[in-house]
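These are my notebook entries on one protein model.

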Amino acid sequence: MSRLAAGVVLVTAQEPPLDPDDPTAPTGEDVGMTATAFMSVSLDPPLVLVSLREGSRMDDLLAEQPLWGVSVLAESQRHIAGRFAMKGRISDRLLFEDIPYVRGEVTGSPLVGGALATLECRTEQRVAAGDHTLVIGRVLTARVPSADGGPLMYFKGRYRQLG
(Lines give C-alpha, C1' and ligand atoms only; values in the text may rest on other atoms or scores of the structure.)
Protein backbone atom coordinates (compact mmCIF):
# COMPACT_ATOMS: atom_id res chain seq x y z
CA MET A 1 0.00 0.00 0.00
CA SER A 2 3.03 2.29 0.22
CA ARG A 3 2.71 2.63 -3.58
CA LEU A 4 -0.68 4.33 -3.24
CA ALA A 5 -0.24 8.10 -2.97
CA ALA A 6 -2.48 9.72 -0.38
CA GLY A 7 -3.33 13.22 0.71
CA VAL A 8 -2.42 14.20 4.26
CA VAL A 9 -4.89 15.62 6.77
CA LEU A 10 -4.82 16.66 10.39
CA VAL A 11 -7.78 15.26 12.35
CA THR A 12 -8.55 17.29 15.47
CA ALA A 13 -11.02 17.19 18.34
CA GLN A 14 -11.48 18.78 21.70
CA GLU A 15 -11.81 16.59 24.78
CA PRO A 16 -15.16 17.06 26.53
CA PRO A 17 -15.18 19.25 29.65
CA LEU A 18 -14.05 17.49 32.82
CA ASP A 19 -17.49 18.11 34.33
CA PRO A 20 -20.12 18.55 31.58
CA ASP A 21 -22.71 19.67 34.15
CA ASP A 22 -20.54 22.58 35.33
CA PRO A 23 -20.25 25.38 32.74
CA THR A 24 -17.27 26.82 34.64
CA ALA A 25 -15.31 23.53 34.52
CA PRO A 26 -12.18 23.69 32.38
CA THR A 27 -12.52 22.34 28.87
CA GLY A 28 -10.48 19.34 27.85
CA GLU A 29 -7.29 19.44 25.83
CA ASP A 30 -7.14 19.73 22.05
CA VAL A 31 -6.01 16.53 20.37
CA GLY A 32 -4.61 16.13 16.86
CA MET A 33 -3.51 13.25 14.64
CA THR A 34 -1.99 13.08 11.16
CA ALA A 35 -3.90 10.77 8.83
CA THR A 36 -3.46 9.58 5.27
CA ALA A 37 -6.36 7.10 5.31
CA PHE A 38 -9.05 9.72 4.74
CA MET A 39 -11.62 9.84 1.97
CA SER A 40 -14.94 11.15 0.76
CA VAL A 41 -17.71 8.56 1.12
CA SER A 42 -20.87 10.29 -0.08
CA LEU A 43 -22.04 13.63 -1.45
CA ASP A 44 -25.69 13.19 -0.39
CA PRO A 45 -25.52 13.19 2.54
CA PRO A 46 -21.97 14.57 2.75
CA LEU A 47 -19.92 11.86 4.49
CA VAL A 48 -16.18 11.30 4.96
CA LEU A 49 -14.19 8.44 6.49
CA VAL A 50 -11.00 8.35 8.52
CA SER A 51 -9.19 5.21 9.64
CA LEU A 52 -7.82 5.30 13.20
CA ARG A 53 -5.51 2.79 14.86
CA GLU A 54 -7.61 0.89 17.40
CA GLY A 55 -6.88 2.08 20.93
CA SER A 56 -5.05 5.23 19.80
CA ARG A 57 -5.74 8.44 21.67
CA MET A 58 -7.85 9.76 18.77
CA ASP A 59 -9.79 6.49 18.51
CA ASP A 60 -10.55 6.62 22.24
CA LEU A 61 -11.50 10.31 22.08
CA LEU A 62 -13.81 9.94 19.07
CA ALA A 63 -15.53 7.02 20.81
CA GLU A 64 -16.83 9.57 23.36
CA GLN A 65 -16.65 12.88 21.45
CA PRO A 66 -18.79 12.84 18.28
CA LEU A 67 -17.57 16.23 16.97
CA TRP A 68 -14.24 16.58 15.17
CA GLY A 69 -12.43 18.58 12.51
CA VAL A 70 -10.23 17.93 9.50
CA SER A 71 -7.63 20.21 7.93
CA VAL A 72 -6.42 19.21 4.46
CA LEU A 73 -2.74 20.09 4.65
CA ALA A 74 -0.87 22.06 2.00
CA GLU A 75 2.60 21.05 0.78
CA SER A 76 4.08 23.86 2.92
CA GLN A 77 2.64 22.22 6.07
CA ARG A 78 4.87 19.14 6.15
CA HIS A 79 6.18 20.20 9.58
CA ILE A 80 2.63 20.04 11.00
CA ALA A 81 2.07 16.56 9.59
CA GLY A 82 5.37 15.34 11.03
CA ARG A 83 4.73 16.90 14.41
CA PHE A 84 1.36 15.20 14.90
CA ALA A 85 2.60 11.85 13.52
CA MET A 86 5.47 11.44 16.03
CA LYS A 87 5.44 8.41 18.29
CA GLY A 88 6.07 9.13 21.97
CA ARG A 89 5.37 12.79 21.37
CA ILE A 90 4.90 15.55 23.90
CA SER A 91 1.52 16.83 25.04
CA ASP A 92 -0.85 17.83 22.26
CA ARG A 93 -1.29 21.21 23.99
CA LEU A 94 2.35 21.99 23.22
CA LEU A 95 2.03 20.70 19.65
CA PHE A 96 -0.69 23.27 18.91
CA GLU A 97 1.19 26.09 20.65
CA ASP A 98 2.82 27.78 17.63
CA ILE A 99 0.47 26.61 14.87
CA PRO A 100 -2.04 29.18 13.61
CA TYR A 101 -5.57 27.82 13.86
CA VAL A 102 -9.16 28.87 14.35
CA ARG A 103 -11.83 27.05 16.30
CA GLY A 104 -14.57 25.43 14.27
CA GLU A 105 -17.88 27.22 14.73
CA VAL A 106 -19.81 23.97 15.23
CA THR A 107 -17.31 21.55 16.76
CA GLY A 108 -14.83 23.81 18.56
CA SER A 109 -12.06 21.71 17.00
CA PRO A 110 -8.84 23.44 15.96
CA LEU A 111 -8.74 24.01 12.17
CA VAL A 112 -5.26 24.78 10.84
CA GLY A 113 -4.64 28.15 9.24
CA GLY A 114 -3.34 27.91 5.67
CA ALA A 115 -4.96 24.50 5.12
CA LEU A 116 -6.29 23.86 1.61
CA ALA A 117 -9.69 22.94 3.06
CA THR A 118 -11.28 22.44 6.46
CA LEU A 119 -14.23 20.30 7.50
CA GLU A 120 -16.22 19.94 10.67
CA CYS A 121 -17.82 16.54 11.20
CA ARG A 122 -20.13 14.58 13.48
CA THR A 123 -19.59 10.84 13.81
CA GLU A 124 -22.36 8.85 12.14
CA GLN A 125 -20.88 5.37 12.43
CA ARG A 126 -17.83 3.51 13.77
CA VAL A 127 -16.81 0.23 12.16
CA ALA A 128 -14.20 -2.16 13.57
CA ALA A 129 -11.82 -3.22 10.79
CA GLY A 130 -8.88 -5.38 11.88
CA ASP A 131 -6.57 -3.27 14.04
CA HIS A 132 -8.29 -0.03 13.00
CA THR A 133 -11.59 1.74 13.51
CA LEU A 134 -13.24 3.33 10.48
CA VAL A 135 -14.99 6.50 11.59
CA ILE A 136 -17.63 7.80 9.20
CA GLY A 137 -18.54 11.42 9.79
CA ARG A 138 -21.25 13.67 8.43
CA VAL A 139 -19.75 16.92 7.14
CA LEU A 140 -21.34 19.82 9.01
CA THR A 141 -19.23 22.63 7.54
CA ALA A 142 -16.75 22.77 4.66
CA ARG A 143 -14.51 25.71 3.85
CA VAL A 144 -11.69 26.46 1.45
CA PRO A 145 -9.68 29.03 3.43
CA SER A 146 -6.59 28.89 1.20
CA ALA A 147 -6.17 28.21 -2.48
CA ASP A 148 -2.39 28.66 -2.33
CA GLY A 149 -0.03 25.78 -3.06
CA GLY A 150 -0.60 22.14 -3.75
CA PRO A 151 -1.59 19.31 -1.44
CA LEU A 152 0.80 17.53 0.88
CA MET A 153 1.09 13.92 -0.29
CA TYR A 154 2.39 10.71 1.30
CA PHE A 155 4.04 8.10 -0.95
CA LYS A 156 6.51 5.27 -0.29
CA GLY A 157 6.85 6.23 3.39
CA ARG A 158 7.66 9.92 2.82
CA TYR A 159 5.87 13.24 2.50
CA ARG A 160 5.96 14.48 -1.11
CA GLN A 161 4.79 17.30 -3.32
CA LEU A 162 2.89 16.98 -6.57
CA GLY A 163 4.82 17.78 -9.70
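**Entry 1: salt bridges.** I count a salt bridge when a side-chain nitrogen of Lys or Arg is within 4 Å of a carboxyl oxygen of Asp or Glu. The model is a predicted one, and I found eight salt bridges in it.

I began with Glu15 and Arg57, whose side chains meet in a salt bridge at 3.1 Å, N to O. Glu15 is in the loop between strand 2 and strand 3, while Arg57 is in helix 1, so this pair ties together parts that are 42 residues apart in sequence. I looked up the accessibility of both partners. Glu15 is partly exposed, at a relative accessible area of 26%. Arg57 is also listed as partly exposed, at 36%. I noted too that Glu15, Glu29 and Arg57 are linked in a network of salt bridges.

Next I took Arg126 and Asp59, whose side chains form a salt bridge at 2.6 Å, N to O. Arg126 belongs to strand 9 and Asp59 to helix 1, so the pair ties together parts that are 67 residues apart in sequence. Is Asp59 buried or exposed? I found Asp59 buried, with a relative accessible area of 5%. Arg126 is partly exposed, at 32%.

I also looked at Glu124 and Arg122, which meet through their side chains in a salt bridge of 3.1 Å, N to O. Glu124 counts as partly exposed at 38% relative accessibility, and Arg122 is partly exposed at 33%.

**Entry 2: the nonpolar cores.** Which residues touch the most other members of the largest nonpolar core? I listed Val11, Val50, Leu52, Met58, Leu62 and Trp68, out of 18 residues in that core. Several elements each supply at least two residues of this core, including strand 2 (9-14), strand 5 (46-53), helix 1 (57-64) and strand 6 (67-72). Apart from this core lies another, of twelve residues, among them Val8, Leu10, Ile99 and Tyr159.

I then followed Leu62. Not counting residues up to four places away in sequence, Leu62 touches Ala13, Leu52, Leu67, Trp68, Thr123, Arg126 and Val135.

**Entry 3: strand pairing.** Strand 6 pairs with strand 9 in the antiparallel sense over six bridges. In this part I found Ser71 opposite Thr118 of strand 9. How many bridges join strand 9 to strand 10? I read eleven, and the two strands run antiparallel. Ala128 has Thr133 in strand 10 as its bridge partner. Strand 9 and strand 10 form a hairpin with two residues between them, and Gly130 in the turn has a positive phi of about 60 degrees.

There is also an open sheet of three strands, in the order 1-11-12, with antiparallel pairing. Its edge strands are strand 1 (6-7) and strand 12, each of which pairs on one side only. Strand 11 and strand 12 are joined by four bridges, and Tyr154 has Tyr159 in strand 12 as its bridge partner. Helix 2 (residues 78-85) lies across strand 11 and strand 12, and runs at about 165 degrees to strand 12.

Entry 4: Thr34 is in strand 3 (residues 30-35). Thr34 counts as buried because its relative accessible area is 14%, and the cut-off for buried is under 20%. The side chain of Thr34 reaches the backbone oxygen of Ala81 at 2.7 Å. Leaving aside neighbours within four places in sequence, the contacts of Thr34 include Val8, Leu10, Phe84 and Tyr159.

Where is Thr107? I found Thr107 in the loop between strand 7 (101-103) and strand 8 (110-112). Thr107 is buried, at a relative accessible area of 8%. Its side chain reaches the backbone nitrogen of Ser109 at 3.1 Å. Beyond its neighbours within four places in sequence, Thr107 is in contact with Leu67, Trp68, Glu120 and Cys121. From Thr107 to Asp60 I noted 17 Å, C-alpha to C-alpha, and 47 residues in sequence.

**Entry 5: backbone details.** Asp44 and Pro45 are joined by a cis peptide bond, with omega about 5 degrees. Pro45 is in the loop between strand 4 (38-43) and strand 5. Lys156 is not a glycine, although it has a positive phi of about 50 degrees. I placed Lys156 in the loop between strand 11 (152-155) and strand 12 (158-161). Lys156 is partly exposed, with a relative accessible area of 40%.

Conventions. Residues are numbered from 1 along each chain as its sequence is written. This is a predicted model: local features need pLDDT of at least 70, side-chain atom pairs count only at pLDDT 80 or more; totals for chains, interfaces and linings use all residues. Side-chain values use heavy atoms; hydrogens and water are left out. Buried means under 20% relative accessible area, exposed over 50%, partly exposed in between (1.4 Å probe, protein chains only). A polar contact is a pair of N or O atoms within 3.5 Å; within protein, one must be able to donate a hydrogen and the other to accept it, and residues adjacent in sequence count only if both atoms are side-chain atoms. Contact means heavy atoms within 4.5 Å. A nonpolar core is a set of buried Ala, Val, Leu, Ile, Met, Phe, Trp, Tyr and Cys residues joined through side-chain atoms within 4.5 Å. Two strands pair if DSSP finds at least two bridges between them. Axes are lines fitted to C-alpha atoms, for helices over the stretch in contact, and angles run from 0 to 180 degrees between N-to-C directions.
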